[in-house]
Amino acid sequence: MKQDDTMEHDEIERLIQSSRRVIGCLAPDVEPGVDVASWINVSRFVDASGDDNPLYLDVRYGAGSVHHTMLAPPTFVLAVRAPASAGVLDLMEHRLTGALSSLHLSWDDTVRLGDALAGSVCVSDVSRHLAAADRARVLSTVEYRRNGVGFARGWAEVEVAPLDEDRSLFSHRSIHRYEPADVERMARELDTEQPSRGAVPRFWSDVALGDSTPTLLKGPLTLADLELWVFAEGRPVRAGNLHHARLAELKGRRAANPVTGWPTWDMAESSLDSAATAPDGPSAPGGLLFALAGQHVTHWMGDDAFLRQLSARIMRPFRYGDALWLTGTVIDRYTATDEGRTRYHAITLRVMGRNQLHEPVVEAHAVVFLPDHGKPVRLPVRGGLTGDAPREN
C-alpha cells in the first residue's frame, strides 16, 4: 500500500473513531437556520428554487385556498436545520471531502405562515462504507417541531472520501457548453412550461399507475442560483475578522486558498468559488437538489394534496452550467389509515432528474396524499400509518 493510501486510510479511520464520541449527540457541524415561517423567509426559499406556486408566495391567494393561509413548501424545513452531518469532519485536520448522498423526510402536517419552527439533528452512526473501504458513511436523524410540537422527521447519509482526484466521490469534467440548437430547444421548454396544478384538485380516483408528470426544467445552474440558496438555507454568514476567527475553531474547513494562497480559506466556500473548483466549476448542495425534487412533486399534486414523504438519492453533482430535467411516474396507488382512524388516498411517484448529458443526477420517491371526490385530505396525520388491504386499482 502506498504511503498516501495509508495516510488517507488512517484519516478515514480517525474520522470514524472521533465521530463515535458524538453518536447519539447533537451534530456539531449543523448550525441553526430560520426559526419562523415568515413571509420573507419563505419567499427567499421559494425564490432560490425558482418556485412560482402562489400558495407559497401570495398571502391573499393562500387565504382563499383550502388551507386558509399561505404555506411554506414542505422542504422549507431544510432552512430550519440542515438534516445532514459529517460527524466531526469540520473539527479535525484532514484531506477528505463529504457530500450528502441520501435524504429522507416525512411530514404530519403543513408549514403555515407565521409558524414557529425548530429542529435538532443527531449523529446516529459512523462507519466504513460497505462498498468502498476508503470511504466512510455518516448517518444522522432530524426532528422538526412546529409551534412546539413535532411534525416532521427524517434521516440523512453523508459519504466521506479522500480528496484524491482518482478516488473522489464524483468524476471530474469541464463546464458544459451548449450548442445553439440546445439553447433554442431549452428556451422553448422554459417558455412553454406548465404552471403548477394550483387550486384545481387532482383526485386520487383520476390517477392511474404509469401516469407521467409534466417535465420540469431547471437551470442552467448559475452562481446567482448558488448564492440565493445560501440565503434560503438561513444559516449564519460571516465575513472579515468574524469569519477568520470562526475558521480558527474549524480545522477541517480551514485550508490554503488554491488560487490566492491565503492560508485561512473556508473550503465550504468552494460551492460558490468557480476559480477554486476549475475546470469543473462549483456544484449545488444536496439540499437544493432535494428541494427541486420536492418542487416537481408539489407542482404536480396541487394545493389540496399533501406531501407525506420524500426520499432522494444523489447520484452525481448538479454542476455550474448544468441543466436538470425532472420527470415523474406514478408507481403505486393505495390507501392507508393513521392511528386516529383517518383514511388517506396515497400514490407513490418515482422522480428522475437527468442533466444535459442524460446522466442521472437525482432519484427521488414521493408519497402523496390526494383528495378524492367528497374526501379531502385531513391533517394532521396522527401517529403511524397502517396499509389497508390491497384492492384492484
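This is a predicted model: local features need pLDDT of at least 70, side-chain atom pairs count only at pLDDT 80 or more; totals for chains, interfaces and linings use all residues.
Student: What volume does the largest cavity have?
Tutor: The largest cavity comes out at about 150 Å³.

Student: And which residues lie nearest its centre?
Tutor: Nearest the centre of the largest cavity you'll find Tyr56, Leu71, Pro74, Thr110 and Met301. They belong to a lining of 19 residues.

Student: Which elements give two or more residues to that lining of the largest cavity?
Tutor: Three to look at: strand S1 (71-72), helix H7 (286-301) and strand S10 (306-314).

Student: How do the residues of that lining divide into nonpolar, polar and charged?
Tutor: For the largest cavity, 12 are nonpolar, 5 are polar and 2 are charged.

Student: OK, switching over. What's the volume of the second largest cavity?
Tutor: About 70 Å³ for the second largest cavity.

Student: Which residues line the second largest cavity?
Tutor: Its lining is made up of Phe45, Val46, Ser49, Asp51, Pro73, Pro74, Thr75, Ala291, Gly294, Gln295 and Thr298. Helix H2 (39-49) and H7 each give two or more residues to that lining.

Student: Which element gives the most there?
Tutor: H7 does, with 4 residues in the lining of the second largest cavity.

Notes
Residues are numbered from 1 along each chain as its sequence is written. Side-chain values use heavy atoms; hydrogens and water are left out. On a 1 Å grid over the protein atoms alone, a cavity is a set of points where a 1.4 Å probe fits but cannot get out, and a pocket is an open set with protein on both sides within 12 Å along at least five of seven lines; lining residues have an atom within 4 Å of a point. Grid points are joined across faces, edges and corners, and a volume is the space filled by probe spheres set on the points. Ala, Val, Leu, Ile, Met, Phe, Trp, Tyr, Cys and Pro count as nonpolar, Asp, Glu, Lys and Arg as charged, and the others, Gly among them, as polar.
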